[in-house]
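Please prepare a briefing on the structure shown below.

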Amino acid sequence: MKITYFIRRAVICLLLIAALYILQTAVFSHLELAGVVPNLLLALVALTGFMRGRKEGMVVGMAAGLLLDTFSGQLFGIYALLFLLLGYLNGVVRQVFFGDDIKLPVLFVGLTDIVYGICVYLISFASRGRTDFRFFFFNVMLPEAVYTIVISFVLYPLLQWIAGRTDRYESKGDRRF
């Protein structure tokens with residue numbers, strides 16, 4: 001029984017990661033605002049950490065990061081490690097999470113996006129001698145964080161609904177999904 005629940009949740013997570021990656025790269029690349037697209041995978045990792053805790057945030061972060069690493073062409077494993085850590089940190093904040101309040105998780109999605117942007121800046125730009133942090137912050141990081149926050153207002157209730165359905169079937173012992 002528990003193994004079927006685990007497999008069901010793993011399949012759902014993988015499908016969500018794949019769907020959000022396709023949306024992020026194929027759909028939202030045509031819906032740029034201020035030259036940026038929302039980071040849907042990062043929002044998924046942050047919200048999963050909030051909703052499910054450290055372990056699941058880390059697993060979803062690792063899977064999403066490995067997908068990005070596979071298609072990015074940069075240092076392999078850097079996104080996996082970064083997303084894993086961000087999933088863990090959002091899971092740590094779970095202790096102050098209040099069920100139906102959407103403001104706190106969405107706020108931390110924005111903060112997570114800023115931390116992610118700083119890490120990407122340090123790894124990709126500052127290490128190569130490009131030190132115009134202010135330009136990068138105001139023209140890339142901040143607009144991306146705002147766009148990701150806006151999209152998170154739609155993504156969070158969807159993830160809550162999916163989590164509620166999987167939890168409901170686990171508690172009932174029903175084998176259907």
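In what order do the elements of the protein run from the N terminus on? They run α-α-α-α-α-α, and the protein has 6 helices and 0 strands. Helices (H or I, at least four residues) and strands (E, at least two) are DSSP runs, numbered from the N terminus.

This is a predicted model, in which local features need pLDDT of at least 70 and side-chain atom pairs count only at pLDDT 80 or more, while totals for chains, interfaces and linings use all residues. Residues are numbered from 1 along each chain as its sequence is written, and side-chain values use heavy atoms, with hydrogens and water left out.

**Burial and contacts**
- Of the 177 residues in the protein, 42% are buried (under 20% relative accessible area; exposed means over 50%, and partly exposed lies in between, with a 1.4 Å probe and protein chains only).
- Among contacts (heavy atoms within 4.5 Å) between residues at least 6 apart in sequence, 69% join residues at least 24 apart.

**Surface**
- The protein exposes about 9,800 Å², 70% of which is supplied by carbon and sulfur atoms; accessible areas come from the Shrake-Rupley method with a 1.4 Å probe, and for residues only the protein chains shown count as cover.
- Ile3, Phe6, Ile7, Val11 and Leu15 make a nonpolar surface patch of about 520 Å².
- Patches are made of residues with over 30% relative accessible area and no salt bridge, with like charges joined within 9 Å and nonpolar side chains (Val, Leu, Ile, Met, Phe, Trp, Tyr) within 5 Å; a salt bridge is a side-chain nitrogen of Lys or Arg within 4 Å of a carboxyl oxygen of Asp or Glu.
- Leu15 lies in helix 1 (residues 2-27) and counts as exposed because its relative accessibility is 56%.

**Largest pocket**
- The largest pocket holds about 530 Å³ of space.
- Its lining has 22 residues, of which Gln24, Asn39, Tyr79, Tyr116 and Glu144 lie nearest the centre.
- Helix 1, helix 3 (54-72), helix 5 (103-125) and helix 6 (133-172) are the elements that give two or more residues to this lining, and helix 5 provides the largest share, 6 residues.
- On a 1 Å grid over the protein atoms alone, a pocket is an open set of points with protein on both sides within 12 Å along at least five of seven lines, whereas a cavity is a set where a 1.4 Å probe fits but cannot get out; lining residues have an atom within 4 Å of a point.
- Grid points are joined across faces, edges and corners, and a volume is the space filled by probe spheres set on the points.

**Cavities**
- The structure holds 3 cavities of 30 Å³ or more, and the largest cavity has a volume of about 180 Å³.
- The largest cavity is lined by 15 residues, with Cys13, Leu16, Arg52, Glu56 and Ile162 nearest its centre.
- Helix 2 (40-52) is one of the elements that supply at least two residues of this lining, and helix 2 gives the most, with 5 residues.
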